[in-house]
Amino acid sequence: MHRHEQPQPVTQVPWPLSEQQRRRRRWYLVIMGLCFALIVPAWTVVRLWSTPVAVAMSLVAAVLPPVAAIVANRGTRG
């Protein structure tokens with residue numbers, strides 16, 4: 001370390017790459033699980049009572065895979 005350089009505070013040290021990947025993978029699986037949890041009941045149970053609600057659930061589920069891909073491919077922090 002040079003004389004004029006300040007040590008980097010602990011709060012500014014970025015997370016290790018493996019930790020960042022693990023977090024992104026976890027969020028991807030959570031979002032895709034939510035997608036699955038919406039689409040299956042929508043067309044097995046909910047459609048019997050309310051087709052518009054089943055369609056709305058399907059529309060929300062259709063938006064989730066691109067969101068999950070964006071989260072999974074997000075760059076590193078810092």
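In the predicted model, helix 1 passes helix 2 in a left-handed crossing. The axes of the two elements, helix 1 spanning residues 17–49 and helix 2 spanning residues 51–72, come within 8 Å and cross at roughly 165 degrees. Two packed helices are described by the angle between their axes and the distance between the axes. Since angles over 145 degrees count as roughly antiparallel, helix 1 and helix 2 are therefore roughly antiparallel to each other. The residues that form the contact of helix 1 with helix 2 divide into 25 nonpolar, two polar and two charged.

Of the 78 residues in the protein, 19% are buried. Among the contacts between residues at least 6 apart in sequence, 60% join residues that are at least 24 apart.

The largest nonpolar core is made up of eleven residues in all, namely I31, C35, L38, A42, V46, A54, M57, A61, L64, A68 and V71. Helix 1 and helix 2 are the elements that give two or more residues to this core, and the largest share, six residues, comes from helix 2.

Two members of the core illustrate how its residues are placed. L38, a core residue, lies in helix 1 and has a relative accessibility of 18%. Because burial is assigned under 20% relative accessible area, L38 counts as buried at this value. When residues up to four places away in sequence are not counted, L38 touches M57, V60, A61 and L64, and of these partners M57, A61 and L64 are themselves listed in the core. The C-alpha atoms of L38 and A62 lie 9.7 Å apart in space, although 24 residues separate L38 from A62 in sequence. V71, also a member of the core, touches R24, W27 and I31, again not counting residues up to four places away in sequence; I31 belongs to the core as well.

L59 lies in helix 2 and has a relative accessible area of 57%. As exposure is assigned over 50%, L59 is exposed.

G75 has its place in the segment after helix 2, and at 55% relative accessibility G75 counts as exposed. G75 and R24 are 51 residues apart in sequence, while their C-alpha atoms are 9.7 Å apart in space. R24 is also one of the residues touched by V71, the core member described above.

Definitions and conventions:
Residues are numbered from 1 along each chain as its sequence is written. This is a predicted model: local features need pLDDT of at least 70, side-chain atom pairs count only at pLDDT 80 or more; totals for chains, interfaces and linings use all residues. Side-chain values use heavy atoms; hydrogens and water are left out. Axes are lines fitted to C-alpha atoms, for helices over the stretch in contact, and angles run from 0 to 180 degrees between N-to-C directions. Helices (H or I, at least four residues) and strands (E, at least two) are DSSP runs, numbered from the N terminus. Angles under 35 degrees count as roughly parallel, over 145 as roughly antiparallel, 65 to 115 as roughly perpendicular and the rest as oblique. A crossing is left-handed if the near helix is turned anticlockwise from the far one by less than a right angle, and right-handed if clockwise. Ala, Val, Leu, Ile, Met, Phe, Trp, Tyr, Cys and Pro count as nonpolar, Asp, Glu, Lys and Arg as charged, and the others, Gly among them, as polar. A nonpolar core is a set of buried Ala, Val, Leu, Ile, Met, Phe, Trp, Tyr and Cys residues joined through side-chain atoms within 4.5 Å. Buried means under 20% relative accessible area, exposed over 50%, partly exposed in between (1.4 Å probe, protein chains only). Contact means heavy atoms within 4.5 Å.
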